[in-house]
Amino acid sequence: MEKDKKSEIQFLVTPPPHIKAEESVMGLMFSVIIALIPTTITGIYFFGIPSIVTIFVATVSSILFEFFYQKIVRKENTISDSSAALTGLLLGLNLPSIFPWWGTVIGSFIAIVVVKHLFGGLGFNIFNPALAARVFLLISWPLQMSTYPKPASIFSGLVPAGIKQGVDAVTAATPLTVVKTIQLSHDLSRSIETATKISSFDLLIGNRGGSIGEVSVIALLVGGIYLIYKRTITWHIPLSFILTTALFSTIAHLVNPDTTANPVFHLLNGGLFLGAFFMATDYVTSPITKKGMVIFGIGCGFLTVVIRQHGSYPEGVSFAILLMNMVAPLIDKYIRQKKFGG
């Protein structure tokens with residue numbers, strides 16, 4: 001009897017998790033912030049001081065909304081985990097450099113208070129906060145959200161155009177907008193092939209119109225590879241997202257080349273790489289299994305092409321990811337993790 005009592009004392013029952021990783025929430029957030037540095041610098045180079053202002057306002061207002069909301073509801077302050085700073089940075093990178101500051105503040109409120117905290121805080125939100133805020137701003141103020149300044153040429157030798165930009169900034173339609181205008185007007189006198197003849201080098205480095213952080217494919221690839229190398233994310237969602245977009249845009253182009261841009265154009269334009277590496281891979285709003293991640297990426301890629309081809313908006317990445325955010329719990333339900341020892 002005495003022996004049984006000793007055995008019971010030695011047997012400890014503890015709540016999960018039983019295995020703890022060294023990586024903290026703050027560490028993960030900092031990894032993503034570091035990975036965003038290349039595309040942030042590139043965006044600032046091409047769009048100048050207005051882009052710095054937009055990123056600064058988005059980041060600072062997101063941190064302040066996080067602080068004051070938690071103060072009001074008397075919740076534990078979580079500013080130190082850098083999740084609010086990352087959300088603000090991502091929101092700023094998803095906006096045009098000349099977007100009004102007040103609109104940026106509204107976007108931060110939607111991202112932090114409405115999408116994040118009203119759903120329960122970090123880990124409970126069903127949508128990516130920065131993306132949901134971007135779509136809210138796009139629907140509410142479509143003109144301001146689709147007005148992009150013309151970037152300065154990297155070889156022009158001039159002061160970057162953004163430094164001189166203000167109310168009278170020179171703006172230009174994005175390549176995707178040009179294609180969408182031709183599609184919606186059914187004006188076949190304007191050739192899709194001619195409209196999409198843009199230097200691949202310019203598209204790779206970021207010398208095109210667009211949101212601050214989406215223009216440079218090279219910078220986004222550098223950041224994405226860094227995240228995979230650091231094991232902050234895996235390759236499953238980005239690769240399946242990008243390859244699916246390539247596959248279905250190729251099929252659409254082969255079926256109707258007169259009204260459909262080629263797959264290279266679809267890959268290098270818009271926010272595909274920003275969405276694939278930095279938005280769709282959000283831990284909270286994406287599946288937890290590798291097979292589920294691939295399904296999630298395929299869904300994002302398919303919806304992106306469908307919206308670009310048949311929707312009224314020229315870009316479909318944000319809408320595609322948000323729609324798949326809603327499906328992520330269903331994917332997790334049916335694509336289950338293999339049980340330990342099973």
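# A guided tour of the predicted model

Begin by selecting Ser 82, which sits in the loop between helix H4 (49–72) and H5, where helices are DSSP runs of H or I with at least four residues, numbered from the N terminus. This is a predicted model, in which local features need pLDDT of at least 70 and side-chain atom pairs count only at pLDDT 80 or more, while totals for chains, interfaces and linings use all residues. Residues are numbered from 1 along each chain as its sequence is written, and side-chain values use heavy atoms, with hydrogens and water left out.

Although Ser 82 is not a glycine, it has a positive phi of about 70 degrees. Most residues other than glycine have a negative phi. Ser 82 counts as buried because its relative accessibility is 9%; buried means under 20% relative accessible area, exposed over 50%, and partly exposed in between, with a 1.4 Å probe and protein chains only.

Is Arg 231 buried or exposed? At 76% relative accessibility, Arg 231 counts as exposed.

Next, show helix H5 (residues 83–93) together with helix H7 (residues 129–140), whose axes come within 8 Å and cross at roughly 40 degrees. The axes are lines fitted to C-alpha atoms over the stretch in contact, and angles run from 0 to 180 degrees between N-to-C directions. The crossing of H5 past H7 is right-handed, meaning that the near helix is turned clockwise from the far one by less than a right angle. On the H5 side, select Thr 87, Leu 90 and Leu 91, which meet Pro 129, Ala 130, Ala 133 and Arg 134 in H7; contact here means heavy atoms within 4.5 Å. The residues of this contact divide into 5 nonpolar, 1 polar and 1 charged.

Now move to Lys 116, in helix H6 (residues 101–117). Lys 116 is buried, because its relative accessible area is 2%. Its side chain is joined to that of Glu 66 by a polar contact of 3.1 Å, a polar contact being a pair of N or O atoms within 3.5 Å, of which, within protein, one must be able to donate a hydrogen and the other to accept it, while residues adjacent in sequence count only if both atoms are side-chain atoms. Leaving aside neighbours within four places in sequence, the contacts of Lys 116 include Ser 83, Ala 84, Leu 122 and Pro 129.

Then select Thr 40 in helix H3 (residues 37–47), which counts as buried at 13% relative accessibility. A polar atom of the Thr 40 side chain lies 2.7 Å from the backbone oxygen of Leu 36. Beyond its neighbours within four places in sequence, Thr 40 is in contact with Ile 55, Leu 89 and Leu 93.

For aromatic rings, select Tyr 45 and Phe 46, whose ring centres are 5.1 Å apart and whose planes stand at 75 degrees, so the pair is edge-to-face. Rings of Phe, Tyr and Trp (its six-membered ring) pair if their centres lie within 6.5 Å, with planes under 30 degrees apart counted as stacked, over 60 as edge-to-face and the rest as tilted. Tyr 45 is partly exposed at 34% relative accessibility, whereas Phe 46 is buried at 1%. Elsewhere, Trp 102, Phe 136 and Trp 141 form one aromatic cluster.

Finish at helix H16 (residues 272–279), where 8 of 8 residues are buried.

How values were computed
Helix = DSSP H or I, 4+ residues; strand = E, 2+ residues; numbered from the N terminus. Nonpolar A, V, L, I, M, F, W, Y, C, P; charged D, E, K, R; others polar.
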